[in-house]
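These are my notebook entries on one structure. I wrote them in the order in which I looked things up.

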Amino acid sequence: MNILDIFTWSLLTVTITKAIPLIYAGIGGLYSERSGVVNICLEGIMLAGAFSAVVCTHFTGNLWFGLAGAIIAGTFMGLLHGVLSITFKVNQIVGGTAINIFAAGATEYLIPIVFGKPGATPPLAFTFERQDFFLSKYFLIYMAFLLVGLTHIFLYKTSYGLRVRAVGEHPKAADTVGINVYLTRYLCVIMSGIFAAIGGAYLSIGESGLFSKGMTANRGFIALAALIFGKWTPLGTLGACLFFGFCDNLQSTLQGRVPIPSEFMLMIPYVLTIVAIAGVVGRSRPPASSGVPYDPSER
Amino acid sequence: MKVVEMMGITKEFPGIKANENVSFHLNKGEILALVGENGAGKSTLMNILYGLYQPESGEIYIQEKPVVIKDPNTAISLGIGMVHQHFMLIPPLTVTENIILGSEPVDGGIFINIDKASRKVKDISEQYGLKIDPFARIESISVGMQQRVEILKTLYRGAEILILDEPTAVLTPQEIKELFTIMRVLIEKGKSIIIITHKLDEVKEISDRIVVLRHGKIMGEALTSEVSTSQIASMMVGRDVVFRIKKETIEPGEVVLDVHNVTACDDRGLPALQGITFNVRAGEIVGIAGVDGNGQTELVEAITGLRSVKSGKISLKGKEITNLPPRKIIETGLGHIPEDRHKRGLVLNFSVAENFVLMEYYKSPFAKWINLSYRAINDFAQKLIGRFDVRTPGKETLVRSLSGGNQQKIIIAREIVRNPNILIASQPTRGLDVGAIEFVQENLLEQRRNGKAILLVSLELEEIMNLSDRILVIYEGSIVGEVSGEEATRDKIGIMMTGVKGEEEKGEKCVGAETVLPFVQNDEL
């Protein structure tokens with residue numbers, strides 16, 4: 001085959017669609033980490049968002065309510081992570097992992113309870129695919145790019161963005177100039193939950209029209225990798241998400257067309273992720289207080 | 001006019017009364033020095049004034065009006081500004097961003113007007129003679145500059161009352177002079193300043209009035225011009241303090257530690273030691289002076305085997321120890337009082353007894369096959385607690401709960417009883433109060449009397465000058481000069497600490513490397 005055959009228009013569009021859930025989750029993670037809370041539970045939040053979106057759409061018959069359901073689930077999950085890691089100062093990796101396990105278990109458990117059949121929900125009668133523009137998945141795609149731009153402006157041009165960055169680097173310094181560290185972190189973690197949940201909703205009501213267990217397939221972790229690869233900046237994260245989307249796509253495009261076992265092809269995105277993070281980034285510096293609970297009495 | 005008056009302030013932390021019925025006032029246009037030992041409650045009192053802590057009882061008056069300062073925002077709006085001992089600056093952000101943080105000039109409610117902000121920063125800095133680049137990043141400017149940014153932060157918020165918490169601790173003698181000039185300009189422009197310090201010569205130089213705290217209580221107050229340093233010191237400690245340490249002349253013996261042309265890198269892989277050569281002889285204290293972050297940490301780590309040496313040679317009593325594992329080096333006869341006693345000197349969650357045997361737990365009589373003999377360990381601990389007067393409820397007490405001075409006693413006891421040929425003391429009195437400092441210094445001199453070699457690394461020039469027989473000045477990883485203990489003056493060493501080589505003045509041979517590498521900034525605040 002001609003190697004150029006794979007560089008088609010559809011490669012670009014598929015790359016973008018594969019990147020969209022990563023962008024939502026990655027930008028979500030960015031809010032959390034920039035304020036100093038490591039968010040390893042993006043995966044779990046995406047799952048919860050995907051599931052809630054399907055449930056709400058199923059019972060209301062309205063995709064907007066489905067999206068709202070995802071946002072509510074994301075708010076709740078973000079709040080949960082916030083309570084654990086900000087108020088109770090639980091180790092953020094441990095707390096986040098617990099949330100991931102909780103989300104995977106809860107969604108799987110709830111499928112048969114809500115829909116009567118285990119494993120996956122029945123397909124929805126409506127998906128974003130079959131509606132007009134504002135109800136099409138394109139809406140969510142454009143919104144993702146808009147979100148990146150707005151996040152960039154928020155972080156670097158506004159007073160609140162400066163405060164978020166300050167809290168993530170040196171919370172005590174922020175505290176001494178009157179910034180509420182806990183409130184800032186809570187809001188950021190909740191934003192993080194909301195965006196990751198929308199990323200999950202894109203997968204369920206945006207693309208497949210149903211929810212199946214574990215359907216996010218580690219995209220939350222890849223989004224986290226993209227965030228690191230993108231050096232904790234919105235534009236860098238966007239670039240990294242597109243790159244990972246491309247790798248994912250390359251794998252499916254090349255499958256069957258090159259004489260390599262499909263198992264190896266499936267590894268491509270993950271191998272490239274490791275290579276990218278290990279080598280290409282070089283010294284990427286996380287926010288200095290990322291992962292460290294803030295305790296005002298500590299000197 | 002009294003710009004600040006605190007009356008009957010009491011603040012308790014679990015187990016300690018940090019402030020007990022403290023009353024004092026600050027007049028407009030004066031510099032008030034708040035002096036006292038570590039743990040006397042100076043910082044607590046100021047943190048109450050700045051709204052970071054709430055007192056259990058007491059009243060505060062600002063500009064003669066009663067106020068309740070519930071958080072730093074309230075303090076700021078009352079015109080109080082505080083420069084903390086550990087700077088509250090965010091390294092990756094710019095000077096302007098750090099200054100405006102929390103009260104940013106905005107357009108449309110949220111968008112930072114960075115031009116307006118930097119113009120204002122520039123205006124204020126010129127007004128008070130604080131030269132600063134508003135667009136420089138904090139991580140790329142010197143500590144002295146960072147302190148200016150902290151002062152600008154308070155002025156930007158309209159502070160009339162400035163609290164400076166141990167402002168000179170991190171500065172070179174030259175930077176201290178500049179700071180004092182700035183403080184005088186501030187007073188001229190009508191500000192009032194409270195300076196927290198325990199350095200008495202600085203108190204004498206800069207302050208108008210002093211207030212002395214001890215164990216959370218006011219011990220006295222006086223006009224600076226009317227008291228002597230030793231009077232202040234005895235008020236601080238509660239007894240007379242010996243300032244001049246008696247040091248008998250000892251003819252140094254054979255070379256114990258020989259460091260030859262050693263190079264090493266710091267944690268980021270940048271050159272930290274650039275060809276260091278010196279030796280320490282028996283019965284001699286060699287002091288390493290320098291501004292923090294010029295390679296002192298790396299030098300000590302290289303000698304003790306905690307950092308790999310890239311080139312050069314280190315020998316102890318003629319035996320090469322370069323890049324040997326730390327245990328091998330210790331067994332060759334090296335004692336180490338690490339600069340960070342919490343990180344390297346002790347296991348905080350171990351008991352006093354266990355910490356005493358950290359170096360020798362694997363040897364008889366403490367170890368029998370794979371078992372530890374707690375009887376031997378406890379006996380040993382009991383003996384040391386008595387001999388070194390460690391104030392602890394018992395040998396089973398967790399080291400975490402002891403005071404800094406007693407923690408340091410444990411380390412010193414442990415290192416000294418092993419009878420090492422060389423003792424590396426890295427900032428051995430950091431954070432200790434006057435009493436504990438006396439103990440540490442007395443023990444170092446005792447070791448010297450016993451004919452041991454001692455390498456003393458300290459940021460306290462006073463300490464280096466008091467104790468050392470020879471003083472080496474380190475700058476950017478090179479030894480830039482050597483002065484003998486008797487000839488040392490603050491100015492002479494201070495100038496060398498900024499990198500000016502000492503050989504023109506003294507005619508001494510400079511042993512530093514010839515190549516000048518880019519200045520390695522110390523980014524740890």
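**Conventions**

I worked from a predicted model, in which local features need pLDDT of at least 70 and side-chain atom pairs count only at pLDDT 80 or more, while totals for chains, interfaces and linings use all residues. Residues are numbered from 1 along each chain as its sequence is written, and chains are lettered from A and ligands numbered from 1 in the order in which they are written.

**Chain A**

I looked up the secondary structure and found eleven helices and zero strands in chain A. Helices (H or I, at least four residues) and strands (E, at least two) are DSSP runs, numbered from the N terminus. I then looked up burial: of the 299 residues in chain A, 48% are buried. A residue is buried if 20 or more other C-beta atoms lie within 10 Å of its own, exposed if 12 or fewer, and partly exposed in between, with C-beta atoms placed from the backbone.

I also looked up contacts along the sequence. Two residues are in contact if their C-beta atoms, placed from the backbone, lie within 7 Å. Among the contacts in chain A with a separation of 6 or more, 77% join residues 24 or more positions apart.

**Contact between the chains**

I found 17 residues of chain A in contact with 18 residues of chain B. On the chain A side, α6 (159-169) and α7 (171-176) of chain A are the elements that give two or more residues. The most come from α6(A), with seven residues. This side has seven nonpolar, five polar and five charged residues. In this classification, Ala, Val, Leu, Ile, Met, Phe, Trp, Tyr, Cys and Pro count as nonpolar, Asp, Glu, Lys and Arg as charged, and the others, Gly among them, as polar.

**Nonpolar cores**

Which residues have the most contacts inside the largest nonpolar core? I found Ala197(A) and Leu49(B), in a core of 152 residues. A nonpolar core is a set of buried Ala, Val, Leu, Ile, Met, Phe, Trp, Tyr and Cys residues joined through C-beta atoms within 7 Å. Helix α8 (residues 181-208) of chain A supplies the largest share of this core, 15 residues. A second, separate core has 75 residues, including Val300(B) and Ile493(B).

I followed both leading residues. Leu49(B) is one of the buried residues of α1(B). In that helix (residues 42-49), eight of eight residues are buried. Just after α1(B), Gly51(B) takes a positive phi of about 85°.

**Domains of chain B**

I noted that chain B is divided into domain 1 (2-237) and domain 2 (255-340 + 420-506). The bounds come from an automatic or database domain assignment. The domain centres, taken over C-alpha atoms, are 33 Å apart. Nine residues from domain 1 and twelve from domain 2 form the contact. On the domain 1 side, α6 (173-188) and α8 (229-237) of chain B each supply at least two residues.

**Two sheets of chain B**

I looked up an open sheet of six strands with mixed pairing, in the order β6-β9-β10-β3-β11-β12 (chain B). Two strands pair if DSSP finds at least two bridges between them. The edge strands, each pairing on one side only, are β6 (80-83) and β12 (217-223) of chain B. Strand β11 (residues 209-214) of chain B pairs with β12(B) in the antiparallel sense over six bridges, and Arg209(B) stands opposite Leu223(B). Helix α8(B) lies across β3, β11 and β12 of chain B, at about 30° to β11(B). Axes are lines fitted to C-alpha atoms, for helices over the stretch in contact, and angles run from 0 to 180 degrees between N-to-C directions.

Another open sheet of six strands, also with mixed pairing, has the order β18-β21-β22-β15-β23-β24 (chain B). Its edge strands are β18 (334-337) and β24 (478-484) of chain B. The twist averages 20° from one strand to the next. Four bridges join β18(B) to β21(B), which run parallel; here Leu334(B) has Ile422(B) as its bridge partner. Helix α17 (residues 490-497) of chain B lies across β15, β23 and β24 of chain B, at about 30° to β23(B).
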